[in-house]
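User: I have a model open and would like to go through a few of its features. Can you take my questions as they come?

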Amino acid sequence: MLAKLSTRPAVRRCAGTGVLALALLGAGLPAAAADRPQPDLSRFYRQKVSWAACKGTDMPKDLQCGKVTVPLDYARPGAGTLDVALARYRATGRKQGSLLLNFGGPGGAGIPAMADDGRAFMGLTNGYDVVTFDPRGVGRSSPVSCGEGGDATSAVTDYDADLDHPQALLAKLRKAADECARHSSPVLPHIGTVNAARDLDVVRQALGDKRLNYLGFSYGTRLGAVYAAEFPHKVGRLALDGVDTLTEPLSEQGVAGAEGQQTALDDFLDWCTTDVACPFGRDRRTAGAQVVRLVKSLDRNPVPTDSGGSFSGQDLVAAVSQALYSKQLWPSLERALASLVEEGDTRGVLTFARGGSGLPRAGHRPSGVPLDPQDIPADNLEAALMAINCADDPDRPDAARLTKELKDLRAEYEQASPVFGRYRLTQLLMCYGRPKGTDFIRDRVKNLHSAKMLLVGTRGDPATPYRWTVETAARLGPSAVVLDNKGDGHTGYASSRCVRQKIDDFLLYGSLPPSGSSCPPDGGNDWSGTTNSTG
């Protein structure tokens, strides 16, 4: 079942007396707020997780599920609570604690990803219970939704939207934001990485760990960095793979993403046009133009799908962007595109369309099956992605500024990528009509005094450019140790044996490579026994 949201006033319990009560009272204070009077969070820090077998026919029998209750609003812990859903594989070797795992996003649910791909992390059970979670607003943890037809992404990518005269589009975006607020219950104003990091600290305590041991991919690196800024003295061994930016506004992130995905598409076409089965022929000089024409053709005349819907050029762009995260997916992408081009069959490309955003996964199946899929809104991934990114970003250009700048921005995005530019423009527009986000990440996540953290950047990463790893490491300070993966694909753990070994050695034994050391390109392996953010 979904972890339920409660808006009933929390029952105040006696915190007890003595040193233990005082320690619990201070346990949940972020470093930046420790010198100010804080509400009593001790009851949340006294929890222990009750584990049981995960429900669902597709759940591995040895995967256990549980939950931890957290305040809806950390400033007013008596105003309501929500449950953060957890899943774990138990340690098989000598246990040294728990390892928290975030597969990416934002909006990616950890529990179905663990059910699909958890076997890849069995080596880490030599020292840890390997634990994942659905962050607040995601999956089984009070999922947000924009309702049917309330998706701001579709409003922005609508081929008929007049970006030269965007007043109608902006009105549609504001209406979509209102629909998201209406369908998402009280969790929406309290979503975002800053509160998710505070939830992590409650989870850490409930698992019985003095320090947080953590492996985060893509968006999960943002979450890990924010945790380290909020709780620097609670940092254990943190490994961050596919490092997200902490400083670039969404507009610049969108351009960087479009450029990275265009490079990945060019690499795919270099490979595809050497194969007689390539749907774009054998002439590499014309293959790129054919892709652009295909996208535009589908935008003008979408084709029907088996489910009764329609498939547009922007739908194709979204699907291809997921498939480009890993070279292992290229043969499947080639076959899917051939079926679309030659037969109008959308089934193949649609298998990539719901792959999440930044999830470091590879294979033919984009996501797992939730325990109770009927309880999770179909648009939760997209709705949570928008909500979290907007909650993390303080920039809110008004309608006049957007109207003035949108034509030039569109040109900049389409110059970055004639295929992905329009789609990535959503990174700028999707927050219009929503409340201004926090400036904590941009202003406060820097110059950390914590235990050493391992940051892995991949040179050919289409989603998180390598320069973000270097920039984030410089921003975090001497605590950050950089591993340079010379390979391709989004994140390194799935595709590089060297990266996997370096991360595992650090997490299991505390062995760090010298900062600036590298791993060579490596064909690597997909997640063991598996079948594609954020970001």
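User: How many disulfides does the structure hold?

Analyst: The structure, a predicted model, holds five disulfides.

User: What pattern do they follow along the chain?

Analyst: With bonded cysteines counted along the chain, the pattern is 1-2, 3-4, 5-6, 7-8, 9-10.

User: Take C54 and C65. How far apart are their sulfur atoms?

Analyst: The sulfur atoms of C54 and C65 are 1.9 Å apart, and the two form a disulfide. The torsion about their S-S bond is about 95°, so this disulfide is right-handed.

User: Which parts does that pair tie together?

Analyst: C54 lies in the loop between strand 2 (52–53) and strand 3 (64–71), and C65 lies in strand 3, so the pair ties together parts that are 11 residues apart in sequence.

User: Is C54 buried or exposed? And what about C65, buried or exposed?

Analyst: C54 is buried, at a relative accessible area of 9%. C65 is buried too, at 14%. Both values fall under the 20% cut-off for buried.

User: Next, C146 and C180. Is that link right-handed or left-handed?

Analyst: The link of C146 and C180 is right-handed, with 95° about the S-S bond. The sulfur atoms of C146 and C180 are 1.9 Å apart, and both residues are buried.

User: And C498 with C519, right-handed or left-handed?

Analyst: The disulfide of C498 and C519 is left-handed, because the torsion about its S-S bond is about -70°. C498 sits in helix 18 (residues 497–509) and C519 in strand 13 (residues 517–519), so the pair ties together parts that are 21 residues apart in sequence. The sulfur atoms of C498 and C519 are 2.0 Å apart. C519 is buried, with a relative accessible area of 0%.

User: Changing topic: where is S450 found?

Analyst: S450 is in the loop between helix 16 (440–444) and strand 11 (453–460). S450 is buried, with a relative accessible area of 17%.

User: What does S450 touch, leaving out residues up to four places away in sequence?

Analyst: S450 touches P232, V235 and S479. S450 and P232 are 218 residues apart in sequence, yet their C-alpha atoms are 4.8 Å apart in space.

User: Now helix 13. How far does it reach?

Analyst: Helix 13 (residues 399–416) has 18 residues and reaches 24 Å from its first C-alpha to its last, close to the 26 Å expected at 1.5 Å a residue.

User: Where is the kink in helix 13 centred?

Analyst: The kink in helix 13 is centred on L406 and is about 50°. L406 is also one of the buried residues of helix 13, and the others are L402, L409, Y413 and A416.

Key
Residues numbered from 1 in each chain as written. Predicted model: local features only at pLDDT ≥ 70, side-chain atom pairs only at ≥ 80, totals over all residues. Heavy atoms only, no water. Disulfide = S-S within 2.5 Å. Helix = DSSP H or I, 4+ residues; strand = E, 2+ residues; numbered from the N terminus. Buried < 20%, exposed > 50% of the residue type's maximum accessible area, 1.4 Å probe, protein only. Contact = heavy atoms within 4.5 Å. Expected span 1.5 Å × (residues − 1). Bend = angle between axes of the 7 residues up to and from the residue.
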